[in-house]
Amino acid sequence: AADKQPMVIPIQMGLLGPTGAYPLHCAELNTSSATNGVIELTQPEQTFIFEQVPSAPVPSLLRGFSAPVKWHYPYSKADLLTIVLQDEDGFNRWDAMQQYAVRLIGEINTALTAGNTAKVDADFLEACRALLINETLDPAMVALMLDLPSEAYLAEQQNPMDIDGNHRAREFLRSALAEHLLPLWHQVYTRLLDTGPFSARAEAVARRSLKNLALSYIAAVDNSAHAQISTAHISPAHIVAAQFTSAANMTDSLAALKIAVNSPFSALQAQASTMLEEFFTRWQHEPLVVNLWLSTQAAAASGALKRVQTLLTHPAYDGKNPNKIRALVGVFSQNLTQFHAASGEGYEFLAHQVVSLDQLNPQIAARLIAPLTKWQRQNPARQALMLAQLRWIAGHPLSNDLFEVVTKSLPVDKRED
């Protein structure tokens, strides 16, 4: 509304330089420390003057979630790396890393789509190195910072979604990060290996999170590259198998399993089937863990649809159990590259599942169909395939729940009576 009045917005902030934070000198500042304070926005426009600043600073804003607002600041790549390396606020460091990675993935995608040579910024790789070698940092925070933005997050920023381009560019960056820092990933993994009994303490959880991220990057590099690190080379397949076999907790076991299931390399692929069988045998009496086992296969980077179709007849799957349905069919529909395969097989599979489930549980059928209803955010070829399945569903006798979702999702001139 034109008469909308400004609200008080407290912004906890600091100013960063190349080597650390600058002391804050500002008359309007409520300072809680020399390098951290709060300014209050109370007007549509305000100016705050900071004095005794040695060089152009990078502002670190909304520290500690000081206000529930959306904001934008035109950070350069160099600004983002300053926040990554120098900020005292963990969330701001993570968010800056995510912003940089999103930009970089976009640039790589553009280059690869145009048939040009893609590259990864040397400054980004060196910032990642700096995070890994800094043992004073919380390992959990480092793990979150070095885990690249998901393909789902990347797609949510786009209309239409570039599912294939995002996947290709993200894998390019992930491979570059794995290869460039491979010796360091090995060092981090070895340093964080558990040597004592299982612990649920926060420190132990943090160590496991970074250790398992390091293992995923180790396994992302072909075997030949590892041989150059040391004459006592141990293959990534051996390391993954050793962790799976010796794991004293499900977190480490499941991490190794996911790496094997999603690996593009034959040595790890060969181990995946055996590991899946062993994991199920060990945890088959724990329903929630079995759901994770189902989801791991539904989220596989390749061959997911075939896995899911096979699991529909597995004794562990119950087509009347909503949790099992969500763990298998629901997770597959969120597996972007596999569900949105160019053949349209993923759409057809989901359509048939939804129609079948509508006879048993209309509510879950209406929820499961959601990925098909977002056809407008896909390219024309995928739109046509998704609409074909929605029309096929609409041709069946449907519950009120599913009928409403389907008919509202179809273009007005294409809806069925």
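I looked up helix α8 first: residues 202–218 make 17 residues, and the helix reaches 24 Å from its first C-alpha to its last, close to the 24 Å expected at 1.5 Å a residue, where the expected span is 1.5 Å times one less than the number of residues. I took helices (H or I, at least four residues) and strands (E, at least two) as DSSP runs numbered from the N terminus. The model is predicted, so I kept in mind that local features need pLDDT of at least 70, that side-chain atom pairs count only at pLDDT 80 or more, and that totals for chains, interfaces and linings use all residues. Residues are numbered from 1 along each chain as its sequence is written, and side-chain values use heavy atoms, with hydrogens and water left out.

I then checked burial (buried is under 20% relative accessible area, exposed over 50%, partly exposed in between, with a 1.4 Å probe and protein chains only). Twelve of the 17 residues of α8 are buried, which leaves the helix mostly covered; among them are Arg208, Lys211, Asn212 and Tyr217.

Next I turned to the backbone. Most residues other than glycine have a negative phi, and most peptide bonds are trans. I found a cis peptide bond between Asn159 and Pro160, with omega about 5 degrees, and Pro160 lies in the loop between α5 (151–156) and α6 (163–180).

Gln52, not a glycine, has a positive phi of about 60 degrees; Gln52 sits in the loop between β4 (36–41) and β5 (58–60) and is exposed at 62% relative accessible area. Phe65 has a positive phi near 50 degrees, lies in the loop between β5 and α1 (77–86), and counts as exposed at 59% relative accessibility.
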